[in-house]
Amino acid sequence: MKKIRIRVERVYEVPLWLRIVIPIIAILVALSIVAIIFLIQGINPIIAYAEIFHDAFLTTYGIKFNVVKLIPLLLCSLGLSVAFKANVWNIGAEGQLLMGAIAATWIALFKLKGYPSYIVIPAMYVLGFIFGALWALIPALLKAKFEVNEIITTLMMNYIAMKLVLFLIYGPWRGTTTWKYPITDEFPAEAQLPLIPGTLIHWPSLLIALILVPVIYLFLKKTKIGYEISVFGLNPNAARYAGINKTKVLVIVMLISGGLAGIAGVGEVAGIHHRLRYPSSISSGYGYTAIITTWLAKLNPLLLLPTTFFFGGLLVGGDVIKIDLRLPSSVVYLFNGLILTSLVSSDILLRYRIRLLVVGEEDDKCHS
Amino acid sequence: MKSSKYYLSPFSQTLSSLKKGDIVVLMKGITKRFPGVIANYKIDFDLRYGEIHALLGENGAGKTTLVSILYGIHQPDEGEIYVYGKRVHFRSPRDAIRMGIGMVHQHPRLIDTLTVAENIALSLKDAPFINPVPNVEELIKEYSEKYGLKVDPKAKVWQLSAGEKQRVAILRTLISGAKILILDEPTTSLSPPERNDLFEAMKALVEEGASIIFISHKLKEVLGISDRITVLRKGRKVGTVSAEESSPELLIKMMLGESKPMSIGLGLGKAKDQLHKVGHKVGKKILEVHNLYVLGDRGEVAVKGVSFEVREGEIFGIVGVPGNGQRELVEAIVGLRKALKGVIRISGVDITNKGPLAVINMGVAYIPEDRIKYGLVLDLTIAENLILKDYRRPPFSGRIMLNTSYISKWCLDLMRRYDIKTPDINTPVKYLSGGNLQRVILAREFSHNPKLIIAFRPTYGLDVAATEYVQKLLLQEKQRGAAILLISEDLDEIIELSDRIAVMFEGKFMDIVPAGRADAERLGLMMMGVRFHEEDKDTCGKSL
């Protein structure tokens with residue numbers, strides 16, 4: 001009697017093609033699980049995916065919106081790639097983005113109201129960066145000084161930021177011309193970002209993001225601080241041995257990470273909404289989705305362009321799901337979650353291989 | 001025998017009919033491949049009843065792989081294994097244990113917070129479910145008397161010395177019925193007297209009918225205790241010789257291969273002697289440690305008032321059983337651990353508690369004990385590892401950017417000078433062998449002519465050739481005028497290299513002796529806490 005036995009073995013060198021194919025398979029797995037949900041709802045998943053794909057990537061309308069969503073995703077992801085490189089798990093881009101939005105609103109409606117746009121707009125970006133960075137600084141210092149886990153603190157800071165936005169729009173900043181709706185007044189024209197005509201693409205933010213892609217890449221690869229970040233992220237003991245200052249690394253990566261998320265927040269309120277409003281309207285989870293795009297790009301800033309474009313498309317697809325398929329848009333979050341889970345678990349597939357062995361009868365007796 | 005209550009050997013009848021010299025384990029044509037390497041290639045090995053059979057070879061020769069196959073940890077790709085004449089296929093160590101095979105690892109896997117008896121009870125399948133410990137305590141007493149493996153069954157494991165832990169691990173395998181024992185480098189962390197105790201116990205065990213496979217790369221030990229010696233090299237068997245007909249020269253030749261021994265094994269040895277004889281012109285004080293107190297990881301005072309100095313052109317050796325405060329002392333000097341009290345000066349500058357960067361900037365080279373944990377970043381390239389301490393300063397970097405073209409030129413130069421073998425400088429260091437890893441660290445630390453070198457167990461885990469290389473480099477550096485602090489538990493190494501030797505025991509120096517007056521036996525006893533008085537040279541009792 002022959003028996004088949006399964007054996008799991010460690011793989012030491014992973015060929016390049018496998019490193020490309022495995023994440024794609026992971027995404028396909030997530031897609032097929034969501035397909036089951038479509039089926040339960042009586043929707044043909046193939047047609048649904050075709051529609052989503054077509055609308056998001058093949059129509060001018062879709063691509064325009066896709067780029068609008070890519071802007072905050074790319075900015076947040078660039079920041080996260082720096083933090084993740086240092087093995088610092090900043091889950092707080094969402095809150096840091098909201099702080100940037102608050103900063104922009106403060107400049108636009110209160111601090112610099114009535115100033116010309118060439119003063120207001122740069123001021124919004126600068127203060128947005130500072131607010132986001134300071135918001136991220138708190139978990140960085142807690143980790144540096146008291147070893148507090150940054151995953152928990154950054155996540156919790158998101159809720160504080162959300163409540164802060166709610167407090168402002170229900171309280172002191174509630175609009176005077178908004179019939180008591182919990183939103184602020186509209187930004188004056190000087191505080192509204194210029195758009196590419198015919199779209200909602202606020203090109204100054206897009207420009208900043210695109211310039212930052214090679215800048216962050218070179219920062220991580222070729223600078224002294226980038227080197228310290230890599231060493232610290234890969235082996236904190238060796239970093240200490242080499243005299244690398246832990247607090248300095250933690251503070252720098254969190255300032256960059258939070259600051260870029262803050263800039264994303266400025267873009268959303270000053271470019272699209274023109275007012276501070278409900279947190280869930282300002283950001284449809286960009287700070288969380290950015291975790292996935294960063295992971296998918298293997299922390300490489302250059303690869304962030306395709307991954308954020310793909311996920312921008314998925315968010316547009318979410319609108320399709322909502323409007324055309326009449327499913328709740330939370331299906332998109334479900335999909336995001338499934339992709340992250342499959343990606344993380346597919347990493348294990350890269351490191352191990354499963355072998356089937358045919359075992360003879362004699363062998364089996366020995367162990368019965 | 002009481003143990004039969006717990007363990008009924010399925011082959012007790014076979015055992016009673018065995019005579020000395022009968023073959024108990026036979027491994028035929030064992031081949032095992034790991035990705036990229038052939039760990040074992042067509043190896044034949046046999047173990048006879050009542051013998052100590054040593055497996056000798058350099059790191060990576062395939063010793064551990066071979067016994068792991070016998071113990072069921074790995075399965076061979078090819079080859080057959082017979083135990084007591086019966087063909088076996090071990091799927092896991094559980095199968096091997098059932099056939100009476102026991103393995104004692106280099107670092108015994110015991111639970112620190114439990115007592116000795118509790119640890120052993122855990123591994124006994126047939127111990128009573130409720131309150132198993134009292135029975136086991138009796139068993140432990142019975143076994144430890146029989147084989148001279150003294151240990152207190154009620155002691156907590158964390159209180160034990162390395163040697164005692166080893167005894168517990170051996171008792172554990174014996175009590176669970178093992179008659180075939182595999183000891184994997186059992187002497188690595190033992191002091192010389194503890195090592196002698198272990199050898200006595202091993203002799204008692206074979207008298208009582210056990211058969212032992214003894215893995216080592218220390219020639220002296222192997223020649224002293226074994227009946228037969230099998231030498232492996234690069235995954236292949238070189239040959240098996242009986243202890244009587246072998247000599248250190250023969251074994252070295254077998255370990256290193258026919259062509260090499262003259263140039264590497266013995267040649268370097270001579271070069272080393274010459275370097276050593278050049279004599280040392282001691283210069284200025286470089287390192288001064290005065291009345292230093294340092295806390296250990298558990299908040300205990302690990303270093304208790306240590307004072308010494310190291311001068312230019314001198315190797316100051318600190319020898320001691322691991323765990324007597326050496327690690328805390330070194331970490332305090334290099335700035336990785338806070339000193340509680342006392343002063344550390346380098347070239348007259350007080351660097352106490354100034355942190356690692358201050359020490360690096362003083363021109364101190366540090367070869368850490370744990371290379372993988374502290375010395376290297378495995379996922380980074382060789383170049384990135386080589387600049388770990390230099391990346392801050394020109395010409396390695398400007399104000400912001402790294403100077404990559406200079407770095408690669410410099411790395412290629414270092415790789416040539418220190419003979420680091422690798423396909424190219426962008427290979428992550430995790431793909432390098434142990435010897436090459438140490439060369440990367442040495443190249444980095446020695447490349448700027450440091451004035452103080454702190455070498456913490458620099459040859460630990462290295463094979464003969466790599467050990468020779470490291471020792472030769474240290475002597476060269478000394479000749480150049482570096483002050484060297486060498487910390488090791490290897491008494492031979494310390495005596496061979498040092499100009500002055502301090503023995504560290506329980507956080508204090510027992511004594512500091514010049515190398516000329518060092519006597520291995522006395523130093524060995526001092527490592528165990530035996531104190532001698534200067535006036536009368538005889539032992540004056542323990543000072544514990």
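Biologist: How are α8(A) and α10(A) set to each other: roughly parallel, antiparallel or perpendicular?

Modeller: This is a predicted model, to start with. Helix α8 (residues 224–234) of chain A and helix α10 (residues 246–273) of chain A pack at an angle of about 105 degrees. Angles of 65 to 115 degrees count as roughly perpendicular, and α8(A) and α10(A) are therefore roughly perpendicular to each other.

Biologist: And how far apart are the axes of α8 and α10 of chain A?

Modeller: Their axes lie 10 Å apart.

Biologist: Which residues of α8(A) and α10(A) meet?

Modeller: From α8(A), Ile225(A), Glu228(A), Ile229(A) and Phe232(A). They meet Lys246(A), Val249(A), Ile252(A) and Val253(A) in α10(A). By class, that contact has six nonpolar and two charged residues, with no polar ones.

Biologist: Zooming out. What secondary structure does chain A have?

Modeller: Chain A has 15 helices and two strands. Its C-alpha atoms fill a box of roughly 90 × 60 × 35 Å along the principal axes.

Biologist: How much of chain A is buried?

Modeller: Buried residues are 44% of the 368 in chain A. On contacts, take those in chain A between residues at least 6 apart in sequence: 79% of them join residues at least 24 apart.

Key:
Residues are numbered from 1 along each chain as its sequence is written. Chains are lettered from A and ligands numbered from 1 in the order in which they are written. This is a predicted model: local features need pLDDT of at least 70, side-chain atom pairs count only at pLDDT 80 or more; totals for chains, interfaces and linings use all residues. Helices (H or I, at least four residues) and strands (E, at least two) are DSSP runs, numbered from the N terminus. A residue is buried if 20 or more other C-beta atoms lie within 10 Å of its own, exposed if 12 or fewer, and partly exposed in between; C-beta atoms are placed from the backbone. Two residues are in contact if their C-beta atoms, placed from the backbone, lie within 7 Å. Axes are lines fitted to C-alpha atoms, for helices over the stretch in contact, and angles run from 0 to 180 degrees between N-to-C directions. Angles under 35 degrees count as roughly parallel, over 145 as roughly antiparallel, 65 to 115 as roughly perpendicular and the rest as oblique. Ala, Val, Leu, Ile, Met, Phe, Trp, Tyr, Cys and Pro count as nonpolar, Asp, Glu, Lys and Arg as charged, and the others, Gly among them, as polar.
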